[in-house]
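Please consider the structure shown below together with its sequence. The paragraphs that follow lead through its charged contacts, its nonpolar cores and its aromatic groups.

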Amino acid sequence: MTNFWAAGYVNVLTGSFLRDHDDYRAFRQLLPPQTAVFLVELLVDRAVRDQRRLTRAKRTTQRWRDRVDLIPEDRTMREALDADYRYIGIDTTALDVAESVQRIMDEIPEIYVPPMRCQPAQ
């Protein structure tokens, strides 16, 4: 992420590498202290999740899906009392990709608002 910031990007998105709040705390130590963090968790009903897994370009086996489903759901990220991030849970069960992205943008308007353009003085 620091490489992206050094290249001039203001907002950097990363995904799928934090398993729990302890992972987040270790990750947070790598960030500058004043970095704003928005943790977005995409939630989905199991039946819809299973159907999506079957239709994705990246194929998975039933054995892999069953193994993944044995991993207990972690709630430490959304329930952390000492969180220095904004947690945003988006239920994507009835949403397509575009609608999911729009929901995320709606939840974090401060980073998706187009920059104000200066108008010449009259």
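The model is predicted: local features need pLDDT of at least 70, side-chain atom pairs count only at pLDDT 80 or more, and totals for chains, interfaces and linings use all residues. Residues are numbered from 1 along each chain as its sequence is written, and side-chain values use heavy atoms, with hydrogens and water left out.

R65 belongs to helix α4, residues 62-69; helices (H or I, at least four residues) and strands (E, at least two) are DSSP runs, numbered from the N terminus. Although R65 is buried, it has no salt bridge, and the nearest side chain of opposite charge, that of D50, is 5.8 Å away. Here buried means under 20% relative accessible area, exposed over 50%, and partly exposed in between (1.4 Å probe, protein chains only). For charge, Lys and Arg count as positive and Asp and Glu as negative, while His and the chain ends are not counted. A salt bridge requires a side-chain nitrogen of Lys or Arg within 4 Å of a carboxyl oxygen of Asp or Glu. The side chain of R65 does make a polar contact, at 3.0 Å, with the side chain of Q62. A polar contact is a pair of N or O atoms within 3.5 Å; within protein, one must be able to donate a hydrogen and the other to accept it, and residues adjacent in sequence count only if both atoms are side-chain atoms.

R53 counts as buried at 10% relative accessibility, whereas D69 is partly exposed, with a relative accessible area of 23%.

The salt-bridge rule gives a count of 14. Another of these pairs is formed by the side chains of D84 and R28, at 2.7 Å, N to O. It links distant parts of the chain, 56 residues apart: D84 is in the loop between α5 (76-79) and β2 (86-91), and R28 is in helix α2. That helix spans residues 21-28. With 14% relative accessibility R28 counts as buried, while D84, at 39%, counts as partly exposed. R28 touches P33, T35, V37 and D84, not counting residues up to four places away in sequence. Towards P33, the side chain of R28 reaches the backbone oxygen at 3.0 Å.

A further salt bridge joins the side chains of R86 and E110 at 2.3 Å, N to O. This pair also links distant parts of the chain, with R86 in strand β2 and E110 in helix α7 (residues 109-112), 24 residues apart. Both partners are partly exposed, R86 at 34% relative accessibility and E110 at 46%. Elsewhere, salt bridges that share partners join R46, R49, D50, R53 and D69 into one network.

The nonpolar side chains come next. The largest nonpolar core has seven residues in all: Y24, F27, L31, V37, L39, M77 and Y85. Such a core is a set of buried Ala, Val, Leu, Ile, Met, Phe, Trp, Tyr and Cys residues joined through side-chain atoms within 4.5 Å. Apart from it lies another core, of five residues, among them I88, L95, I104 and I108. In the largest core, M77 touches residues that include Y24, L39 and Y85, as well as L18, D20, H21 and Y87, not counting residues up to four places away in sequence.

There are four aromatic pairs by the ring criterion. F17 and F27 form an edge-to-face pair, 5.1 Å centre to centre with 70 degrees between the planes. Rings of Phe, Tyr and Trp (its six-membered ring) pair if their centres lie within 6.5 Å; planes under 30 degrees apart count as stacked, over 60 as edge-to-face and the rest as tilted. F17 is partly exposed, with a relative accessible area of 38%, whereas F27 counts as buried at 13%. One aromatic cluster is formed by F17, Y24, F27 and Y85.

Terms used: Contact = heavy atoms within 4.5 Å.
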